[in-house]
Amino acid sequence: MVTELGETLRQTPLGVALTGDTTRFTGPARSSGYRWFTDPTARDRYAPEEHPFLTRMYASGLRQIVTLRGPDSQAAHLAGLLLDSNEEFRQAWDAYEIGVRPHDVKHFVHPQVGALELTCQRLVDPGQAHSLMVYTAIPGSESHDKLHLLSVIGAQSLS
């Protein structure tokens, strides 16, 4: 479960096994979009060919939230921090894109199981500006087998 700024509120054990514990961050780094531009390791679990699109998507999404929430919002604060410190963000921001939507199929690169192709469903609570992210793999696919393996790895890491 994430906020509109990509701040993780809750993760399942399998979610932690897939993406790492994203609830541990504090301050601006709680936002996945902020980390995308400030922490090189934030990109490690995404296929390199997806990086340019994700750069556009994060900048576009932040611009949309700033537009909705206004100049005194947390989104505006994050945009200001990134505009002051990150050239890649400035270039994407200067494209003035809004509405770049995430792809339904995500391509992850996991350090233990390798490449995964997962479908993402996003269930939105517009009143709270929160989303529940649900990742699935096609039954019988290699990604399905790897996701199952990750569920075992995640369970072992909790014991």
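**Close-up 1. Arginine 90 and glutamate 87 pair up by a salt bridge in this predicted model.** Their closest N and O atoms sit 2.8 Å apart; a salt bridge here is a side-chain nitrogen of Lys or Arg within 4 Å of a carboxyl oxygen of Asp or Glu. Both residues belong to helix H5, three residues apart, or about one turn of the helix. (Helices are DSSP runs of H or I with at least four residues, strands are runs of E with at least two, and both are numbered from the N terminus.) Arginine 90 is partly exposed at 26% relative accessibility, and glutamate 87 is partly exposed too, with a relative accessible area of 42%. As for the cut-offs, buried means under 20% relative accessible area, exposed means over 50%, and partly exposed lies in between, using a 1.4 Å probe and protein chains only.

**Close-up 2. Glutamate 88 meets arginine 43 in a salt bridge.** The closest N and O atoms of this pair are 2.5 Å apart. Glutamate 88 lies in helix H5 (residues 87-93) and arginine 43 in the loop between H2 and H3, so the pair ties together parts that are 45 residues apart in sequence.

**Close-up 3. Arginine 56 and glutamate 97 form a salt bridge.** Here the closest N and O atoms are 2.7 Å apart. Arginine 56 sits in helix H3 and glutamate 97 in the loop between H5 and strand S2 (105-110), so this pair links parts that are 41 residues apart in sequence. Arginine 56 is partly exposed, with a relative accessible area of 36%, and glutamate 97 is partly exposed with 25%.

**Close-up 4. Glutamate 50 is buried but has no salt bridge.** Look for it in the loop between helix H2 (32-38) and helix H3 (51-69). The nearest side chain of opposite charge is lysine 106, 7.5 Å away; Lys and Arg count as positive, Asp and Glu as negative, and His and the chain ends are not counted. Leaving out residues up to four places away in sequence, glutamate 50 touches His103 and His107, where contact means heavy atoms within 4.5 Å.

**Close-up 5. Helices H3 and H4 pack at an angle of about 135 degrees.** Their axes are 8 Å apart, and H4 covers residues 74-85. Axes are lines fitted to C-alpha atoms, for helices over the stretch in contact, and angles run from 0 to 180 degrees between N-to-C directions. That angle makes H3 oblique to H4; under 35 degrees counts as roughly parallel, over 145 as roughly antiparallel, 65 to 115 as roughly perpendicular, and the rest as oblique. On the H3 side the contact is made by Leu62, Ile65 and Val66, and on the H4 side by Ala75, Ala76, Leu78, Ala79 and Leu82.

**Close-up 6. Methionine 1 lies in the segment before strand S1 (2-3).** Methionine 1 is partly exposed, with a relative accessible area of 38%. Its contacts beyond four places in sequence include Glu7, Leu9, His130 and Leu132.

**Notes on the views.** Residues are numbered from 1 along each chain as its sequence is written, and side-chain values use heavy atoms, with hydrogens and water left out. Because the model is predicted, local features need pLDDT of at least 70 and side-chain atom pairs count only at pLDDT 80 or more, while totals for chains, interfaces and linings use all residues.
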